[in-house]
Amino acid sequence: QVQLAESGGGLVQAGGSLRLSCTAKSIYSTYAMGWYRQTPGSQRELVARIGPNSRTDYADSVQGRFSISRNSARNTVYLQMDALKVEDTAVYYCHAYVRGSDVWGQGTQVTVFS
C-alpha cells in the first residue's frame, strides 16, 4: 500500500517559518497532493493542495503566507509556511490522491508560540 512520509514539523516562534515535506512511497504517481490540519475539537480542514497541472488552492487563512509546491518525479510535496501565527498551531496531515484513492499521512505537529 502507499505510505506517506512526513517531515518538517516542530516548534517555531510566531513570525517564523517552517517547511513541511511529504513523500509518497509508491511506484505510482500521485494525481494530487496536499496538506490538511486539525486542532482538538475541530474538523480537519484544507490548508493547501496542488493538482496535476500545478494548480494550487489555499485556505483563506493562509493565503499569501504559505506556498505549496511539488517534485512530481519524487512524488513529493512541500509546504513552505512563512509568517506563522499562533492560530496555525495544529497537527498537519499530508494527503495524496493515488489511483483514485485517498491516502493520509500520520500527521506532524506544528506548534507556534508567541
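1. Alanine 90 touches Arg37, Gln38, Thr39, Thr108, Gln109 and Val110, leaving aside residues up to four places away in sequence; contact here is heavy atoms within 4.5 Å. This is a predicted model: local features need pLDDT of at least 70, side-chain atom pairs count only at pLDDT 80 or more, and totals for chains, interfaces and linings use all residues. Residues are numbered from 1 along each chain as its sequence is written, and side-chain values use heavy atoms, with hydrogens and water left out.

2. Alanine 90 belongs to strand β9. Strands (E, at least two residues) are DSSP runs, numbered from the N terminus. Alanine 90 has a relative accessible area of 5% and is buried. The cut-offs are under 20% for buried, over 50% for exposed, and partly exposed in between, with a 1.4 Å probe and protein chains only. Serine 54 is 36 residues from alanine 90 along the chain, and their C-alpha atoms are separated by 26 Å.

3. Threonine 76 lies in strand β8 (residues 76-81). Threonine 76 is buried too, at 5% relative accessible area. Its side chain makes a polar contact of 2.8 Å with that of threonine 23. Such a contact is a pair of N or O atoms within 3.5 Å; within protein, one must be able to donate a hydrogen and the other to accept it, and residues adjacent in sequence count only if both atoms are side-chain atoms. The residues touching threonine 76 include Cys22, Met33 and Arg70.

4. The structure holds 2 aromatic pairs. The rings of tyrosine 31 and tyrosine 97 have centres 6.1 Å apart and planes at 70 degrees, so this pair is edge-to-face. Rings of Phe, Tyr and Trp (its six-membered ring) pair if their centres lie within 6.5 Å; planes under 30 degrees apart are stacked, over 60 edge-to-face, the rest tilted. Tyrosine 31 sits in the loop between β3 (18-25) and β4 (32-38), and tyrosine 97 in strand β9 (residues 90-98), so the pair ties together parts 66 residues apart in sequence. Tyrosine 97 is partly exposed, at 31% relative accessibility.

5. Tyrosine 36 and tryptophan 104 have ring centres 5.0 Å apart and planes at 70 degrees, so they are edge-to-face. The pair links strand β4 to strand β10 (residues 101-104), 68 residues apart. Tyrosine 36 is buried at 16%; tryptophan 104 is partly exposed at 38%.

6. Two arginines deserve a look. The charged end of arginine 44 sits over the ring of tyrosine 93, 3.7 Å from its centre. Arginine 99 has its charged end over the ring of tyrosine 28, 4.4 Å from the centre. The criterion: NZ of Lys or CZ of Arg within 6 Å of the ring centre and within 35 degrees of the ring normal.

Key: Helices (H or I, at least four residues) and strands (E, at least two) are DSSP runs, numbered from the N terminus.
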